[in-house]
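Let's take a walk through this one together. Have a look at the picture first, and then we'll go through it piece by piece.

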Amino acid sequence: MSGTNKSQPADPMPDSLIQIRNLTKSFTKGQSVITPLDSLSLEVSRGEFLALMGPSGSGKTTLLNLIAGIDTASSGELLVDSQNLGSLSRARLTKWRSLNVGYIFQLYHLVPILSAFENVELPLLLQPLTRSERRAQVEAALDLVGLSDRIHHRPAELSGGQEQRVAIARAIVHDPKLLVADEPTGDLDGESASSILELLRSLSRDHQKTIVMVTHDPRAAAVADRSLHLEKGQLVNTAG
Amino acid sequence: MLSLALKNIFRYRLRSSLTMAGVATGMFLFTTVETMQQSLARVTRSEADDTTLIVYRENRFCPSTSRLPEYYLSSIEKIEGVRRVIPIQIAVNNCGASLDVITFRGVPPENLLKYNPDLEVVDGSFKNWTSRSDAALVGQTFAQRRNLQTGDQFEAVGVNVYVAGIIKSNEAQDNNVAYVHLPFLQQASKVGLGTVTQFNVKVESAELLDAVATKIDTTFRSDSQPTVTRPEKAFFAETAKQMIELIGFTHWLGLGAVAAVLGLVANAVLLIVRGRIKETAVLQTLGFSRFRIACLITCEGLLLGLLGGAVGVVSAILFLHWQSFTLGNEGLTLAITPSITVLFNGLLVALILGFTASLYPAWRASRQPLVESLNTG
């Protein structure tokens, strides 16, 4: 496991899922060029639980979005499971995302008119599955997050912690290799946050999911295998 | 996808209901106009199996001014190709375009069923009609419009009649008139015995229409009352010009209604898109392609158009069916009768409108930048 900054690409780790080399993201705003991510290199092992920390504007969410394939880099190389994301067209990147990534948002972002079951089912609508296959997978995912008894509840009928569990079930229902979480406990009380972190921990430990989590909370970062600190688009230190 | 679109529509019940009510109103107007256009087309468009000619007084358009000697009958009957002729005296309350025209047709009672075997007496009896000189067989639509029943007595155009029966026919004109005895009407309307308004002539085949018409007009060219003979539908088209122009104008109203529906649905779908920027971005994050997002929005537009359209089209058809509107002009009546074609056309137009109106919003939704949209408030 390694994190480097403005350095030569590290030797590929024997079983790394994510390989980032000299990744830069910049865009123009008005007259000025903003570079939220500046020539960053990083590798993440399969099954690793990585926490990204740093102040607001440090580039952690930008990095997360690039890893998740919802944003594209300005330069550099980003490989996830040997797939160079920079080489994919928008349509293929969307398809790749639907198969390989589960995204967990800070504010859950469940569709309010859909039940827990229907929300979790959404990613499966993109897969060539029968209704019964979808049902089985959704029930398994909701069971895994401990919400089998809330299957027909709508988001408004769930607590914040339960909503985030549904969001996690939605992120894992299609069995992606990679889970990305943007401050998944940022909107939860202490007890719910601990329970969500424990759930993420078990997904990494027991189900070999690779997790990249952005957080401001040192207690959340402590649950991860490794924490990286970003400042001004660069990694400033690593802590195991 | 369809289920998600349906749920999204019912998510904002008030907004969707108002949009659908607007669509329904527009499509109600469109269907009414379309029904008028089609009803007019039915009575004016010539068809291959048309075999009826109308003999009218030359240069006359209103029944009150077309006066032909009844004795022309025997001359017309002798013309080769003529199968049957019936002299008709017509009395109307209004020669101009009117929504409530009352038309009496005086015919020889013994000839009515021979000439028009399709007439069906649905209430009362034909015998009852033949046995009373002041009896009338009232068309179903006319009876419904005027709330007439067998046994009633009613007076119009200075003619007082007894309702001997209610009739229905495949010919819309027959459903909108009251058949009375010819001598009775000639006297009651003061034109006098021996004078009729027109002759309806059935010829042996459609190919003979022109030849027979020419022969009839040639026969009476030098007579004191020259004639002009035209196929029934052409006669309608030429005589009821005022009404046709009026209905032609309504075409623009129909187009206006369609444009209003288009704008309404487009606006509603744009509001839907604008209100769900973040949700759309979340779907894209989950892997929904631009095409799927566009399909979802288009589905919502289609459903709004179709559901609102169905309400409007069906209500218009039921309304027109129950109200039995009849437009009259120059003694001719046009029943505004909805048809299954109008129903399907209306639903198809609603579907196309829903689709067209949602194209731009769907394009907008599918093109919104993902990361920025996730960060919207």
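At roughly what angle do the axes of helix 1 and helix 12 of chain B cross? The axes of helix 1 (residues 2–11) and helix 12 (residues 290–323) of chain B cross at roughly 60° and come within 9 Å. That makes helix 1 of chain B oblique to helix 12 of chain B; angles under 35 degrees count as roughly parallel, over 145 as roughly antiparallel, 65 to 115 as roughly perpendicular and the rest as oblique. Axes here are lines fitted to C-alpha atoms, for helices over the stretch in contact, with angles from 0 to 180 degrees between N-to-C directions. Helices (H or I, at least four residues) and strands (E, at least two) are DSSP runs, numbered from the N terminus.

Before going on, some housekeeping: this is a predicted model, where local features need pLDDT of at least 70, side-chain atom pairs count only at pLDDT 80 or more, and totals for chains, interfaces and linings use all residues. Residues are numbered from 1 along each chain as its sequence is written, while chains are lettered from A and ligands numbered from 1 in the order in which they are written.

Back to chain B. On the helix 1 side, the contact with helix 12 is made by Leu2(B), Leu4(B), Ala5(B), Leu6(B), Asn8(B) and Ile9(B). Helix 12 of chain B brings Leu296(B), Cys299(B), Glu300(B), Leu303(B) and Leu304(B). Two residues are in contact if their C-beta atoms, placed from the backbone, lie within 7 Å. Sorted by class, this contact has nine nonpolar, one polar and one charged residues (Ala, Val, Leu, Ile, Met, Phe, Trp, Tyr, Cys and Pro count as nonpolar, Asp, Glu, Lys and Arg as charged, and the others, Gly among them, as polar).

Helix 12 of chain B also meets helix 13 (residues 340–367) of chain B. Their axes come within 7 Å and cross at roughly 150°, so the two helices are roughly antiparallel to each other. Their contact has 21 nonpolar, eight polar and two charged residues.

Next comes helix 11 (residues 277–286) of chain B, which is largely enclosed by the rest of the structure because seven of its ten residues are buried. A residue is buried if 20 or more other C-beta atoms lie within 10 Å of its own, exposed if 12 or fewer, and partly exposed in between, with C-beta atoms placed from the backbone. Among the buried ones are Ala281(B), Val282(B) and Leu283(B). Their packing partners include helix 12 and helix 13 of chain B, plus helix 2 and strand 7 (101–104) of chain A.

That brings us to where the chains meet: 16 residues of chain A are in contact with 13 residues of chain B. Helix 2 (residues 90–100) gives the most to chain A's side, with five residues. That side has nine nonpolar, four polar and three charged residues.

Over in chain A, strand 2 (residues 16–29) and strand 3 (residues 32–45) run antiparallel, joined by nine bridges. Strands pair if DSSP finds at least two bridges between them. Ser16(A) stands opposite Ser45(A) in strand 3. Strand 2 of chain A also pairs with strand 5 (residues 75–80) of chain A in the antiparallel sense, over five bridges, and there Ile20(A) stands opposite Leu78(A).
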